Amino acid sequence: MKEGRNTAGALGLVLGHPFDTVKVRLQTQSTYRGIMDCIVKTYRHESLLGFFKGMSFPLVSIAVVNSVLFGVYSNVLLALTAMSHQERRTQLPSYTHVFIAGCTGGVIQTFFLAPFDLIKVRLQNQTEPRVQPGGPQPRYRGPVHCAATIFREEGPRGLFRGAWALMLRDTPTLGLYFVTYEGFCHQNTPHGQNPSSATVLVAGGFAGIASWVAATPLDVIKSRMQMDGLRRREYQGVLDCVVSSFRQEGLRVFFRGLTINSARGFPVNAVTFLSYEYLLHSWG
Ligand SMILES: C[N+](C)(C)CCCC[C@H](N)C(=O)O
């Protein structure tokens with residue numbers, strides 16, 4: 001059962017990764033005219049493998065990162081409401097409590113997610129074709145080499161580049177994530193019952209879309225901060241990145257990746273919440 005769920009989560013991640021790569025590139029590079037242009041160029045220069053760059057670290061860390069998020073969320077909610085998960089079915093906790101618990105999950109999760117996400121983004125942005133002997137070498141040869149190089153060149157704090165933006169992105173939007181989820185489940189479940197699997201899937205999917213729509217502007221900033229420092233430092237900080245991105249590209253810049261984030265957000269989070277509910281039930 002547990003293996004089945006992990007496989008579902010991992011499969012979701014693998015299937016979603018190509019979209020994530022296209023999104024990251026659109027957010028941080030100005031060479032692409034749009035989604036299709038990015039797909040075509042990536043495929044031509046790097047083959048299908050280009051879309052899967054940077055996937056291994058997320059794959060090994062997703063279980064830990066999600067356990068931290070959902071663990072913190074349910075424990076904070078437990079502490080705030082003094083109700084078990086089962087009791088909460090009959091008496092919905094206030095949305096303020098749900099929001100606070102989600103935000104807390106977002107803050108704590110950042111410490112675990114930041115280095116993995118940084119390495120993912122750096123690898124996704126390497127546009128060199130597959131390494132050929134004698135051919136051009138990409139800067140990072142793989143996730144471990146990437147981590148070691150960042151550590152050496154940018155110091156231990158370098159591994160947390162973009163972490164502020166990540167925390168700003170995730171704190172309110174994970175509050176929204178859980179409020180959407182709980183709200184949808186509550187509205188579509190007869191009083192006192194557990195939500196059906198179909199309800200959980202749709203609620204999770206909507207939670208994914210709602211939170212990703214809200215998160216996209218800071219997602220752009222986060223990705224740019226993570227790429228900063230690769231060669232020269234362009235931004236003084238998060239605010240500077242917001243201001244200069246806006247000056248150079250206008251308001252549209254904050255919506256880069258919106259379509260992909262929303263489309264990817266539904267299936268990924270439908271599966272995530274289904275696993276979460278099963279886990280809660282199997283633990284009682
Ligand atoms: C809060 N924010 C919208 C950023 C993320 C919410 C869901 C995170 C999930 N692991 C995913 O990859 O979709």
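Author: Let us begin with a definition: a residue is called buried when its relative accessible area is under 20%, and exposed when that area is over 50%. Please note that this is a predicted model. In helix H9, the residues Val238, Cys241, Ser244 and Ser245 are buried.

Reader: What makes the buried residues of H9 line one face of the helix?

Author: Seen down the axis of H9, the buried residues fall within an arc of 135 degrees, and therefore they line one face. In general, an α-helix has 3.6 residues a turn, so residues three or four places apart point the same way. The face of H9 turned away from the buried side carries the exposed residues Leu239 and Arg247.

Reader: What covers the buried residues of H9?

Author: The cover includes helix H7 (163-187) and helix H8 (197-227).

Reader: Why is Gln124 called buried?

Author: The relative accessible area of Gln124 is 0%. The limit for a buried residue is under 20%, and therefore Gln124 is called buried. Gln124 belongs to helix H5 (residues 95-124).

Reader: What makes the pair Gln124 and Thr21 a polar contact?

Author: The side chains of Gln124 and Thr21 are joined at 3.1 Å, and the cut-off for such a pair of N or O atoms is within 3.5 Å. Gln124 also touches other residues, among them His17, Asp20 and Lys53.

Reader: How do you know that the count comes to 0 disulfides?

Author: A disulfide requires two cysteine sulfur atoms within 2.5 Å, and by this rule the count is 0. For Cys38, the nearest cysteine sulfur is that of Cys241, 19 Å away. For Cys146, the nearest is that of Cys38, also 19 Å away. Cys38 is buried at 0% relative accessible area, and Cys146 is buried at 0% as well.

Reader: Why does the radius of gyration of the chain agree with that of a compact globule?

Author: With 284 residues, a compact globule would have a radius near 19 Å; the chain has 20 Å, and therefore the two agree. The secondary structure of this chain comes to 10 helices and 0 strands, and buried residues make up 49% of the 284 residues.

How values were computed
Residues numbered from 1 in each chain as written. Predicted model: local features only at pLDDT ≥ 70, side-chain atom pairs only at ≥ 80, totals over all residues. Heavy atoms only, no water. Helix = DSSP H or I, 4+ residues; strand = E, 2+ residues; numbered from the N terminus. Buried < 20%, exposed > 50% of the residue type's maximum accessible area, 1.4 Å probe, protein only. Polar contact = N/O pair within 3.5 Å; in protein donor to acceptor, adjacent residues only side chain to side chain. Contact = heavy atoms within 4.5 Å. Arc of directions from axis to C-beta. Rg over C-alpha atoms; globule rule 2.2 N^0.38 Å.
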